[in-house]
Amino acid sequence: MNNTTTRKLSLRRIIGLGLLAFIAVLLLWNALWRMSNNRAVARLEAAARQRGEPVTLRELAEAYPQVPDAENIHRALMKVWMAEDSPFWTAYMNGTRPLPARQDEKFKQTLPLVGGNRLDYTNGISAAVLADVREFLVQKKAHMQDVRAALKLKAYSANYDFKQSYAMLLPELAVLKKEAQFFALEALDATAAKDNARAIAAIADIGRVGDCQKADPLLIGQLVRIACYQIAISTSERLLKVRTLTSAECAQLEAVLNSFEQDDGMKRAMIGERTFGWDVLDAPPGQIANLVNFGPGDETPSPAASAFGFRAMRWLGMTGAEKRLMGETYEEIIRTLSKPDYAATDELKNAFETMSKRARTFPPKVLTLMLMPALEKAGEKAARLEASRRCALAALAVERYRLAHRGALPATLSDVGAGALEDPFTGKPLLLKKTERGYLIYSVGPDRKDDDGEVSVGSSSSERRSDIGFRVEHP
């Protein structure tokens, strides 16, 4: 063998050994990386369990309150709904998949809230629209009486099948919001009829519908609860627009609004979302692929191809990195939501920004980027509700002052004992602005910028840039 051949063999041997060494280093790095992620996740799980928080879907199901059927609001409401659409709700309660088509209820377009008639503080209700509202209430009288009776039971425990994870069916949530809107229509009718007591009772019923979701561990359930409470506050604002309440009536409405006080509902929802996120990461690759919304097109991967990709991610240890990032982000979110003044800080925003940056580093955490960004505005929604609630409470304090001072307005909220009601977005007192026909109490909103009481009446994105307020302006 000549020297040239020997040198070629030596070179090949060196390259081969170099490749083997490189592969060995990669494998060692991967093993250490996987070990680090697994240990971090184990620590996160242990810390959560030490705080009494569920970590798995089984633990989440066990933590969800179980109520005897005879005392369960959900079961009583199901009887009401089954009487109107038995095939759908019977199938739902039996866990039948797929569910049959719903018997969708048709409403007149002139009806506020449930129809096509947009209702806000600035527009009035014509006599024709009011007649449609009263016709609707006559038709729904028996239904609403049955719902009221159901709401008087002990507690609400839904028919959740936690094992289904993100595929869980939740049709009752939309119906609960609809029931709240029905009671809002009754409050509008009572307001027009100058029946303050009935209007306040209807607002209390709206609150009871929202209360059904107090113990709900699902984010969507807590968002429905927030929506119901917001309907009650908006309805209260319209009541005070056209009616002067007595001191006793102010106290009754105040008691209703006090029951909406922010609790740990949003924190509970984030704990629940963490269990769903972690369950997805632990699920078989085919199940993960089925959760992705695949659409038509040559560039869209098939479920089979995606299942193969998720299988490779698991083999490489990438799902462990996803689980760690998701867990550490939820840890920060839950810690922040535990603070009563979280809306006055940028901690939630920073937590999501940090998550987004880390998720885009190599290797990218695609599932985290898919599942978590939609949660960012949830904490803001809870804070917006609390701002609205405090503004409403301050307005009731002003109304009592006006009753005692022949309609005169106070100079400041401190004069009516409402100076301690802080803006959740600043930690400073709420603001009082006198208007041509009354006054406005407002919070500066999530942008923490005082727009001089410029309160949005719509649901567009501009709402986030406006103040949040409660107006009392008599026609």
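**Notebook: helices, cis bonds and positive phi**

Entry 1. I looked up helix H11 (residues 265-282), which has 18 residues and reaches 26 Å from its first C-alpha to its last, close to the 26 Å expected at 1.5 Å a residue. I noted that the expected span is 1.5 Å times one less than the number of residues, and that helices (H or I, at least four residues) and strands (E, at least two) are DSSP runs numbered from the N terminus. Of the 18 residues of H11, 14 are buried, so H11 is largely enclosed by the rest of the structure. Buried means under 20% relative accessible area, exposed over 50%, and partly exposed in between (1.4 Å probe, protein chains only).

I recorded that this is a predicted model, in which local features need pLDDT of at least 70, side-chain atom pairs count only at pLDDT 80 or more, and totals for chains, interfaces and linings use all residues. Residues are numbered from 1 along each chain as its sequence is written, and side-chain values use heavy atoms, with hydrogens and water left out.

Entry 2. I turned to the chain as a whole and found 17 helices and three strands. Buried residues make up 45% of its 475 residues. The C-alpha trace spans about 115 × 55 × 45 Å along its principal axes.

Entry 3. I examined helix H14 (residues 318-337), which packs against helix H13 (residues 303-316) at an angle of about 80 degrees, with their axes 5 Å apart. The axes are lines fitted to C-alpha atoms, for helices over the stretch in contact, and angles run from 0 to 180 degrees between N-to-C directions. H13 and H14 are therefore roughly perpendicular to each other; angles under 35 degrees count as roughly parallel, over 145 as roughly antiparallel, 65 to 115 as roughly perpendicular and the rest as oblique. Met 313, Arg 314 and Leu 316 of H13 meet Met 318, Thr 319 and Glu 322 of H14 in this contact (heavy atoms within 4.5 Å). I also noted that 15 of the 20 residues of H14 are buried, so H14 is largely enclosed by the rest of the structure.

Entry 4. I checked the backbone for exceptions, since most residues other than glycine have a negative phi, and most peptide bonds are trans. The bond from Arg 97 to Pro 98 is cis, with omega near -10 degrees. The bond from Phe 362 to Pro 363 is cis, with omega near -10 degrees. Arg 406 has a positive phi of about 55 degrees although it is not a glycine, and counts as exposed at 87% relative accessibility.
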